[in-house]
Amino acid sequence: MIPTIDIAVTDASQVGEARRAALRIAADRAFDETACGRIALIVTELGTNLVRHAKAGRLLIDCRDSAGERRIDILSMDSGPGMADVGRCLRDGYSSGGTPGNGLGAVQRLSTDFSVFSAVGEGTVILSRTRAPAPGGPQAPPHFAYAGLCLAVSGETISGDAWDIRLDAGRAAVIVADGLGHGPAASEASGAALATFAAARGSPSAVLERAHAAMRATRGAAVAIAEVDALAATVLFAGAGNIAGRMISGIEDRVLMSQHGTLGVQIRKLQDAPYAWPEHALIVLHSDGLTTRWNLKDAGGLLRCDPAVVAGWLLRDHARGRDDATVVVLKRV
């Protein structure tokens, strides 16, 4: 899979770099001229805001193709100063000054999906998503909102992490894999896990057992799968290794338990662990490129944002910085 593009934005030249990267992705996925124009304006506005107002600004560019649609996510992240009044910043006429889009309100209008979370003194994460139809016709109305970010460790263009999601009416299955080490060999291991996930059906533990056999020729990977049922409000989880799983809401923070072992190398008999899924709880899976001792208790309102904003907030604050890092967030809609 293509890792998320991560561009530090501290001067105007980096805004141009981010815009060119986003347009290359859009062209590769056959977005039309109108959509490409919108994406260029979105990146310019968000990037210019970072240069003029933010500390440690970054633009993340991520793409996702699925049955019925293609989408490109532009995520603006910074570490301050934060917005005291997000609503005011979104009003017409409120601009970062002289940019073509004339402010975040224009970014919101240009986006198919738009979400923002900001805290004074802590910073801001803004999502602008552009969707386009894909061959195969429209999807049924979704039961889930989801997003994933997958960053390669500094110095690498290939991530040893990978993730995927399968949607089927009111059910979904999510996989996160972390190949041992990093670089091409780690990517081969995580890719083998995703290939089995795409082809196999069964409970999470049964799919992982099949992946274990298919990964014998690779260096191995930590892998976890969460299978969720929106109508029954249940989660079935299985994992081997240090993929972290959490179920979080305003009143609950529950760990989804993986077992010791490495798929493709050595595992014990895997078991599925069932959980009830509270109405407003998010499912979070991430590799060990993020620390595990995080909480969102002080980020009031973040859990109501798009999953991409939640993923970006976690990645910004809790990435270790010395390994590939992947985080996937899923919630019901």
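Lys and Arg are counted as positive and Asp and Glu as negative, while His and the chain ends are not counted. The place of a charge is NZ of Lys, CZ of Arg, CG of Asp or CD of Glu. On this basis, the mean positions of the 34 positive and 35 negative charges of the protein are 2 Å apart.

The model is predicted: local features require pLDDT of at least 70 and side-chain atom pairs count only at pLDDT 80 or more, whereas totals for chains, interfaces and linings use all residues. Residues are numbered from 1 along each chain as its sequence is written, and side-chain values use heavy atoms, with hydrogens and water left out.

## Overall architecture

The protein contains seven helices and 17 strands; helices (H or I, at least four residues) and strands (E, at least two) are DSSP runs, numbered from the N terminus. Its radius of gyration is 19 Å, close to the 20 Å that the globule rule gives for 333 residues, so the protein is as compact as a globular protein of that length. The radius is taken over C-alpha atoms, and the rule is 2.2 Å times the number of residues to the power 0.38. Along the principal axes, the C-alpha atoms fill a box of roughly 60 × 40 × 40 Å.

Of the 333 residues, 56% are buried; buried means under 20% relative accessible area, exposed over 50%, and partly exposed in between (1.4 Å probe, protein chains only). The accessible surface of the protein comes to about 14,300 Å², and 52% of this belongs to carbon and sulfur atoms. Areas come from the Shrake-Rupley method with a 1.4 Å probe; for residues, only the protein chains shown count as cover. Among contacts (heavy atoms within 4.5 Å) between residues at least 6 apart in sequence, 69% join residues at least 24 apart.

## Nonpolar cores

A nonpolar core is a set of buried Ala, Val, Leu, Ile, Met, Phe, Trp, Tyr and Cys residues joined through side-chain atoms within 4.5 Å. The largest has 30 residues, and those with the most contacts inside it are Leu75, Leu296, Leu302, Trp313, Leu314, Leu315 and Val327. Two or more residues each are given to this core by strands S3 (69-77), S4 (113-119), S5 (123-133), S6 (144-151), S16 (282-286) and S17 (325-332), and by helix H7 (307-318). H7 supplies the largest share, seven residues.

Leaving aside neighbours within four places in sequence, Leu296 is in contact with Ile248, Leu302, Leu303, Val310, Trp313 and Leu314. A second, separate core of 29 residues includes Ile25, Cys63, Ile74 and Val107.

Ile283 lies in strand S16 and counts as buried at 4% relative accessibility. Beyond neighbours within four places in sequence, Ile283 is in contact with Val228, Val235, Arg246, Met247, Leu256, Trp277, Val328, Val329 and Leu330. Ile283 and Pro307 are 24 residues apart in sequence, with their C-alpha atoms 9.6 Å apart in space.

His318 lies in helix H7 and, at 18% relative accessibility, counts as buried. Not counting residues up to four places away in sequence, His318 touches Gly289, Leu290, Thr291 and Trp294.

## Helix H5

Gly191 is placed in helix H5 (residues 184-199) and is partly exposed, with a relative accessible area of 33%. The C-alpha atoms of Gly191 and Thr34 are separated by 34 Å and lie 157 residues apart along the chain.

Ala192 is also found in helix H5 but counts as buried at 18% relative accessibility. Apart from neighbours within four places in sequence, Ala192 is in contact with Met215 and Thr218. Between Ala192 and Gly264, which are 72 residues apart along the chain, the C-alpha separation is 9.6 Å.

## Backbone features in loops

A cis peptide bond with omega of about 10° joins Gly80 and Pro81. Pro81 lies in the loop between S3 and helix H3 (86-89).

Ala30 has a positive phi of about 60° although it is not a glycine. Ala30 lies in the loop between helix H1 (12-28) and helix H2 (33-53) and is exposed, with a relative accessible area of 56%. Ala233 likewise has a positive phi of about 60° without being a glycine; Ala233 is found in the loop between strand S9 (221-229) and strand S10 (234-240), where it is partly exposed at 23% relative accessible area.
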